[in-house]
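Biologist: I would like to learn how to read aromatic rings in a model. Could you take me through it?

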Amino acid sequence: FHPHPANPDAQESRGLGDVYKRQLKYYDVNTGLLERSEETMEVEGNSITTTRKFSDYKDVDGILYPFKTEIINGMQTITIEFDEIKFNEVFDENDFN
């Protein structure tokens with residue numbers, strides 16, 4: 001882990017996914033929660049970075065999950081927000097018709 005220059009309460013983790021991809025993950029040093037990830041890929045000689053910001057962590061069955069994720073790719077930002085997260089729910093077959 002390396003100190004994050006913009007946020008002294010976060011640390012940076014560096015990893016190499018494959019030959020053409022680089023991932024950085026930033027964790028809050030106080031909570032240990034993932035704050036942000038950055039993935040850079042080389043596509044046809046161009047470097048493309050996608051940033052994901054995680055926030056609004058809530059307890060779900062004893063585990064903290066981010067209820068808000070922002071995905072930033074160039075000039076486009078997509079925000080995903082959950083109202084509720086459930087695990088092992090039983091579905092009726094008719095739910096898929």
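Biologist: Is Tyr-65 buried, partly exposed or exposed?

Modeller: Buried means under 20% relative accessible area, exposed over 50%, and partly exposed in between (1.4 Å probe, protein chains only). Tyr-65 has 26% relative accessibility, so Tyr-65 counts as partly exposed. Phe-87, at 36%, is partly exposed as well. Keep in mind that this is a predicted model, where local features need pLDDT of at least 70, side-chain atom pairs count only at pLDDT 80 or more, and totals for chains, interfaces and linings use all residues. Residues are numbered from 1 along each chain as its sequence is written, and side-chain values use heavy atoms, leaving out hydrogens and water.

Biologist: How many aromatic pairs does a search of the whole structure find?

Modeller: A pair of aromatic rings is described by the distance of the centres and the angle of the planes. Rings of Phe, Tyr and Trp (its six-membered ring) pair if their centres lie within 6.5 Å; planes under 30 degrees apart are stacked, over 60 edge-to-face, and the rest tilted. The search finds 2 pairs. One of them joins Tyr-65 and Phe-87: the centres are 5.4 Å apart and the planes at 45°, so this pair is tilted. Tyr-65 is in strand β6 (residues 63-73) and Phe-87 in the segment after β7 (76-81), 22 residues apart; strands are DSSP runs (E, at least two residues), numbered from the N terminus.

Biologist: Which charged end sits over the ring of Phe-67?

Modeller: The test asks for NZ of Lys or CZ of Arg within 6 Å of the ring centre and within 35 degrees of the ring normal. Lys-58 sits over Phe-67, 4.9 Å from the ring centre, and Arg-36 lies over the face of Tyr-26 at 4.1 Å.

Methods:
Helix = DSSP H or I, 4+ residues; strand = E, 2+ residues; numbered from the N terminus.
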